[in-house]
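Please examine the structure displayed below together with its sequence.

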Amino acid sequence: MIPLNIDFENDYESFFAKSVIDYVKRKGTKYTISKLNRVFKKEFEHFGINSFYDIILAKPDKLDELISLYNTWDTSKQSDFKNEAGVIVLYNNFNKGDFQEYTGFKYYKLNSELHFNQMKIENCPYCNENKTTQFEVVEPKTGESKLKRIYDWDHFYPKTHYPFFAISLYNLVPSCKTCNFLKKNSIENCLNPHEKYSIDDYLTFSFDLDNIDYYLTADSFKIQKQTSGLKKKQTDNLLEAISLLERYQANKEMIRFNLLKYRDMETDLDKLKEYGLSEDSDDLLGKYFGVYTSPENYSKMPYSKLLSDIFIRKS
């Protein structure tokens with residue numbers, strides 16, 4: 001739902017791809033780079049794919065084109081291609097931190113921790129509800145530091161259906177465990193967070209009041225959505241795949257609490273402006289509702305899109 005808007009630093013894309021390829025060359029896995037290059041070039045050369053390197057760094061629009069072609073093949077050809085080009089095991093190596101690139105002086109390790117840090121994502125881009133983060137904890141018995149993470153790598157194009165994209169950079173989406181579980185294996189045409197867009201162009205949240213008691217009970221209103229624009233179908237498919245409306249509705253006590261704040265907003269904002277905050281600033285509304293109101297900042301705070309639509313845009 002919320003675009004990732006990631007600009008990888010320096011030569012990180014190249015580092016990512018070369019680390020994968022270097023591992024295959026060094027470890028002598030069941031794959032060989034020459035074979036993978038040959039297989040991908042044979043089927044996808046028409047789309048500008050000449051090597052495994054190109055597959056690893058293929059952008060979302062290119063992945064869409066390749067999948068469209070793949071879906072025209074008969075089941076026998078699809079099965080043969082999966083067997084030849086499926087690289088799920090390399091994704092497992094990525095999670096374990098097996099990839100390294102030799103710079104001439106030392107090996108630099110590529111793993112899940114490094115990749116997540118490069119993306120600088122604080123909240124799940126699918127739901128804008130749950131945190132996605134990682135942190136070090138000290139094991140009480142051993143005193144050793146261990147990395148814990150509260151996110152999963154979702155394969156936007158499921159690796160069970162498209163194993164040849166299992167280690168493609170722009171097929172990996174850092175998602176909360178709830179979204180990854182609900183979306184798992186979904187092959188519907190969904191909105192891809194790696195694409196460039198503004199979610200405000202495609203989606204607006206609102207709520208329907210059943211009676212005037214909505215200040216008193218959370219059962220008096222229902223969260224709704226309106227989708228439109230070029231990505232309407234993809235937006236609808238994503239929200240359905242992760243059951244987002246149902247999840248937001250289950251948290252409606254939070255909405256009711258903010259309704260009470262909204263009722264008293266004018267008085268409260270006057271108090272905040274005494275501290276020098278302008279009425280139309282993200283800073284002011286962020287302090288009041290606990291969200292960011294500009295699309296480019298939705299990803300920084302949970303529920304920013306939902307609460308901005310309902311309370312700040314008065315939808």
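The paragraphs that follow describe packing, helix faces and side-chain pairings in turn.

The model is predicted, so local features are reported only at pLDDT of at least 70 and side-chain atom pairs only at pLDDT 80 or more, whereas totals for chains, interfaces and linings use all residues. Residues are numbered from 1 along each chain as its sequence is written, and side-chain values use heavy atoms, with hydrogens and water left out.

The term denotes a set of buried Ala, Val, Leu, Ile, Met, Phe, Trp, Tyr and Cys residues joined through side-chain atoms within 4.5 Å; buried means under 20% relative accessible area, exposed over 50%, and partly exposed in between, with a 1.4 Å probe and protein chains only. The largest such core has 86 residues, and M1, F16, F40 and F52 touch the most other members. Helix 1 (residues 12–27) gives the most to this core, contributing 8 residues. Helices (H or I, at least four residues) and strands (E, at least two) are DSSP runs, numbered from the N terminus. Beyond its neighbours within four places in sequence, F16 is in contact with I56, F94, L110, H115, I167, L169 and L172, where contact means heavy atoms within 4.5 Å. In soluble globular proteins, nonpolar side chains tend to be buried together.

Helix 5 (residues 75–85) illustrates a helix with a buried side. Its buried residues are Q78, F81 and A85. Seen down the helix axis, these buried residues fall within an arc of 65°, so they line one face of helix 5; the arc is that of the directions from the helix axis to the C-beta atoms. The buried residues of helix 5 pack against helix 2 (33–44) and helix 4 (60–70), while the face turned away from the buried side carries the exposed residues T75 and N83. At the N-terminal end, D74 caps helix 5 through a side-chain oxygen that lies 3.1 Å from the backbone nitrogen of S76.

Charged pairs come next. A salt bridge is a side-chain nitrogen of Lys or Arg within 4 Å of a carboxyl oxygen of Asp or Glu, and the structure holds 11 of them. One joins the side chains of K77 and E43 (3.2 Å, N to O). This pair links distant parts of the chain, with K77 in helix 5 and E43 in helix 2, 34 residues apart. K77 is partly exposed, at a relative accessible area of 33%.

Two further pairs lie within single helices. K62 forms a salt bridge with E65, their closest N and O atoms being 3.5 Å apart; because K62 and E65 are 3 residues apart in helix 4, about one helical turn separates them. K62 is partly exposed at 25%, and E65 is partly exposed at 35%. In helix 14 (residues 304–312), K305 and D309 are 4 residues apart, again separated by about one helical turn, and their salt bridge has closest N and O atoms 2.9 Å apart. K305 is buried, with a relative accessible area of 1%, and D309 is buried, with a relative accessible area of 1%. D200, K305 and D309 are linked in a network of salt bridges.

Finally, S206 is found in strand 7 (residues 203–209) and counts as buried at 6% relative accessibility. The side chain of S206 makes a polar contact with that of Q226 (2.9 Å). A polar contact is a pair of N or O atoms within 3.5 Å; within protein, one must be able to donate a hydrogen and the other to accept it, and residues adjacent in sequence count only if both atoms are side-chain atoms.
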